[in-house]
Amino acid sequence: MLLLYFCREELLLLREEADKKISELEGRCQELQAVIQQVSEDFQMSQNMVSSLEKSLHDLQAENESLKLQQQKAAVMEEEKARLLVELQKKVSSLERRLQGNLSQDEHLQELLQEKSNLELNLEETRKELLIVRTNHTDTVSTLEAQVKQHICSV
(Lines give C-alpha, C1' and ligand atoms only; values in the text may rest on other atoms or scores of the structure.)
Protein backbone atom coordinates (compact mmCIF):
# COMPACT_ATOMS: atom_id res chain seq x y z
CA MET A 1 0.00 0.00 0.00
CA LEU A 2 2.82 2.29 0.79
CA LEU A 3 4.24 1.57 -2.63
CA LEU A 4 0.95 2.54 -4.21
CA TYR A 5 0.90 5.74 -2.23
CA PHE A 6 4.42 6.64 -3.42
CA CYS A 7 3.54 5.73 -6.99
CA ARG A 8 0.41 7.83 -6.74
CA GLU A 9 2.36 10.77 -5.27
CA GLU A 10 5.00 10.41 -7.94
CA LEU A 11 2.36 10.32 -10.67
CA LEU A 12 0.68 13.39 -9.21
CA LEU A 13 4.01 15.21 -9.15
CA LEU A 14 4.71 14.17 -12.73
CA ARG A 15 1.23 15.28 -13.73
CA GLU A 16 1.71 18.61 -11.98
CA GLU A 17 5.05 19.13 -13.74
CA ALA A 18 3.48 18.15 -17.07
CA ASP A 19 0.63 20.64 -16.47
CA LYS A 20 3.19 23.34 -15.70
CA LYS A 21 5.11 22.51 -18.87
CA ILE A 22 1.86 22.55 -20.87
CA SER A 23 0.94 25.93 -19.37
CA GLU A 24 4.40 27.27 -20.14
CA LEU A 25 4.24 25.96 -23.70
CA GLU A 26 0.75 27.41 -24.19
CA GLY A 27 2.03 30.76 -22.91
CA ARG A 28 5.01 30.61 -25.25
CA CYS A 29 2.68 29.63 -28.09
CA GLN A 30 0.52 32.69 -27.42
CA GLU A 31 3.63 34.87 -27.26
CA LEU A 32 4.84 33.46 -30.57
CA GLN A 33 1.43 34.01 -32.15
CA ALA A 34 1.51 37.61 -30.96
CA VAL A 35 5.01 38.00 -32.44
CA ILE A 36 3.84 36.43 -35.71
CA GLN A 37 0.86 38.79 -35.79
CA GLN A 38 3.13 41.79 -35.17
CA VAL A 39 5.58 40.66 -37.86
CA SER A 40 2.69 40.22 -40.30
CA GLU A 41 1.42 43.72 -39.56
CA ASP A 42 4.93 45.16 -39.90
CA PHE A 43 5.38 43.32 -43.18
CA GLN A 44 2.07 44.69 -44.51
CA MET A 45 3.06 48.21 -43.46
CA SER A 46 6.43 47.74 -45.17
CA GLN A 47 4.73 46.60 -48.37
CA ASN A 48 2.44 49.62 -48.28
CA MET A 49 5.42 51.88 -47.72
CA VAL A 50 7.31 50.27 -50.61
CA SER A 51 4.31 50.81 -52.89
CA SER A 52 4.07 54.41 -51.81
CA LEU A 53 7.80 54.96 -52.34
CA GLU A 54 7.67 53.32 -55.76
CA LYS A 55 4.81 55.63 -56.75
CA SER A 56 6.76 58.63 -55.44
CA LEU A 57 9.82 57.51 -57.38
CA HIS A 58 7.76 57.14 -60.54
CA ASP A 59 6.23 60.60 -60.03
CA LEU A 60 9.66 62.13 -59.41
CA GLN A 61 11.10 60.44 -62.49
CA ALA A 62 8.21 61.77 -64.60
CA GLU A 63 8.72 65.25 -63.15
CA ASN A 64 12.46 64.99 -63.81
CA GLU A 65 11.81 64.06 -67.44
CA SER A 66 9.37 66.94 -67.76
CA LEU A 67 11.92 69.36 -66.31
CA LYS A 68 14.61 68.05 -68.67
CA LEU A 69 12.28 68.61 -71.59
CA GLN A 70 11.49 72.13 -70.40
CA GLN A 71 15.21 72.78 -69.97
CA GLN A 72 15.88 71.58 -73.51
CA LYS A 73 13.06 73.76 -74.84
CA ALA A 74 14.43 76.75 -72.95
CA ALA A 75 17.91 76.12 -74.36
CA VAL A 76 16.52 75.90 -77.90
CA MET A 77 14.53 79.09 -77.37
CA GLU A 78 17.60 80.86 -75.98
CA GLU A 79 19.66 79.72 -78.95
CA GLU A 80 16.91 80.84 -81.33
CA LYS A 81 16.71 84.24 -79.63
CA ALA A 82 20.48 84.67 -79.84
CA ARG A 83 20.41 83.78 -83.54
CA LEU A 84 17.49 86.15 -84.12
CA LEU A 85 19.35 88.90 -82.28
CA VAL A 86 22.39 88.47 -84.54
CA GLU A 87 20.15 88.56 -87.62
CA LEU A 88 18.36 91.67 -86.38
CA GLN A 89 21.67 93.38 -85.67
CA LYS A 90 22.77 92.63 -89.25
CA LYS A 91 19.49 94.02 -90.58
CA VAL A 92 19.82 97.15 -88.45
CA SER A 93 23.33 97.67 -89.74
CA SER A 94 22.14 97.18 -93.31
CA LEU A 95 19.21 99.56 -92.84
CA GLU A 96 21.47 102.19 -91.26
CA ARG A 97 23.76 102.06 -94.27
CA ARG A 98 20.76 102.32 -96.60
CA LEU A 99 19.46 105.32 -94.68
CA GLN A 100 22.80 107.02 -94.84
CA GLY A 101 22.69 106.62 -98.59
CA ASN A 102 26.20 105.23 -98.72
CA LEU A 103 25.19 102.22 -100.80
CA SER A 104 25.42 102.06 -104.55
CA GLN A 105 22.78 100.17 -106.49
CA ASP A 106 25.09 97.16 -106.68
CA GLU A 107 25.70 97.26 -102.93
CA HIS A 108 21.98 97.71 -102.32
CA LEU A 109 21.25 94.72 -104.56
CA GLN A 110 24.00 92.77 -102.80
CA GLU A 111 22.41 93.55 -99.39
CA LEU A 112 19.00 92.39 -100.62
CA LEU A 113 20.46 89.18 -102.05
CA GLN A 114 22.31 88.56 -98.79
CA GLU A 115 19.08 89.08 -96.83
CA LYS A 116 17.24 86.71 -99.19
CA SER A 117 19.99 84.12 -98.76
CA ASN A 118 19.78 84.43 -94.98
CA LEU A 119 16.00 84.03 -95.05
CA GLU A 120 16.28 80.94 -97.26
CA LEU A 121 18.89 79.49 -94.91
CA ASN A 122 16.62 80.16 -91.92
CA LEU A 123 13.72 78.54 -93.73
CA GLU A 124 15.79 75.43 -94.43
CA GLU A 125 16.96 75.23 -90.81
CA THR A 126 13.39 75.62 -89.61
CA ARG A 127 12.26 72.81 -91.92
CA LYS A 128 15.02 70.54 -90.57
CA GLU A 129 14.04 71.36 -86.98
CA LEU A 130 10.38 70.70 -87.79
CA LEU A 131 11.30 67.32 -89.28
CA ILE A 132 13.28 66.43 -86.15
CA VAL A 133 10.40 67.49 -83.92
CA ARG A 134 7.91 65.49 -85.99
CA THR A 135 10.15 62.42 -85.88
CA ASN A 136 10.60 62.73 -82.11
CA HIS A 137 6.87 63.22 -81.69
CA THR A 138 6.12 60.12 -83.78
CA ASP A 139 8.65 58.08 -81.82
CA THR A 140 7.19 59.28 -78.52
CA VAL A 141 3.64 58.48 -79.60
CA SER A 142 4.71 55.01 -80.77
CA THR A 143 6.50 54.35 -77.48
CA LEU A 144 3.52 55.51 -75.44
CA GLU A 145 1.12 53.43 -77.52
CA ALA A 146 3.32 50.36 -76.97
CA GLN A 147 3.41 51.04 -73.23
CA VAL A 148 -0.38 51.41 -73.11
CA LYS A 149 -0.84 48.21 -75.11
CA GLN A 150 1.58 46.39 -72.80
CA HIS A 151 -0.17 47.76 -69.72
CA ILE A 152 -3.58 46.72 -71.05
CA CYS A 153 -2.30 43.22 -71.83
CA SER A 154 -0.77 42.84 -68.38
CA VAL A 155 -3.98 43.89 -66.64
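A salt bridge here is a side-chain nitrogen of Lys or Arg within 4 Å of a carboxyl oxygen of Asp or Glu. This is a predicted model, in which local features need pLDDT of at least 70, side-chain atom pairs count only at pLDDT 80 or more, and totals for chains, interfaces and linings use all residues. Residues are numbered from 1 along each chain as its sequence is written, and side-chain values use heavy atoms, leaving out hydrogens and water.

**Overall form**
- The protein has two helices and zero strands (DSSP runs, numbered from the N terminus: H or I of at least four residues for helices, E of at least two for strands).
- The C-alpha atoms fill a box of roughly 150 × 35 × 15 Å along the principal axes.
- Helix 1 covers residues 2-100 and reaches 143 Å from its first C-alpha to its last.
- Just after helix 1, G101 takes a positive phi of about 75°.

**Salt bridges**
- The structure holds six salt bridges.
- One of them joins R83 and E80 (2.1 Å, N to O), which lie three residues apart in helix 1, about one turn of the helix.
- R83 also meets E125 in a salt bridge (2.7 Å, N to O); R83 lies in helix 1 and E125 in helix 2 (residues 105-154), so the pair ties together parts that are 42 residues apart in sequence.
- E80, R83, E125 and E129 are linked in a network of salt bridges.

- R83 is partly exposed, with a relative accessible area of 25% (buried is under 20%, exposed over 50%, partly exposed in between, with a 1.4 Å probe and protein chains only).
- E125 is also partly exposed, at 26%.

Definitions and conventions:
The expected span of a helix is 1.5 Å times one less than its number of residues.
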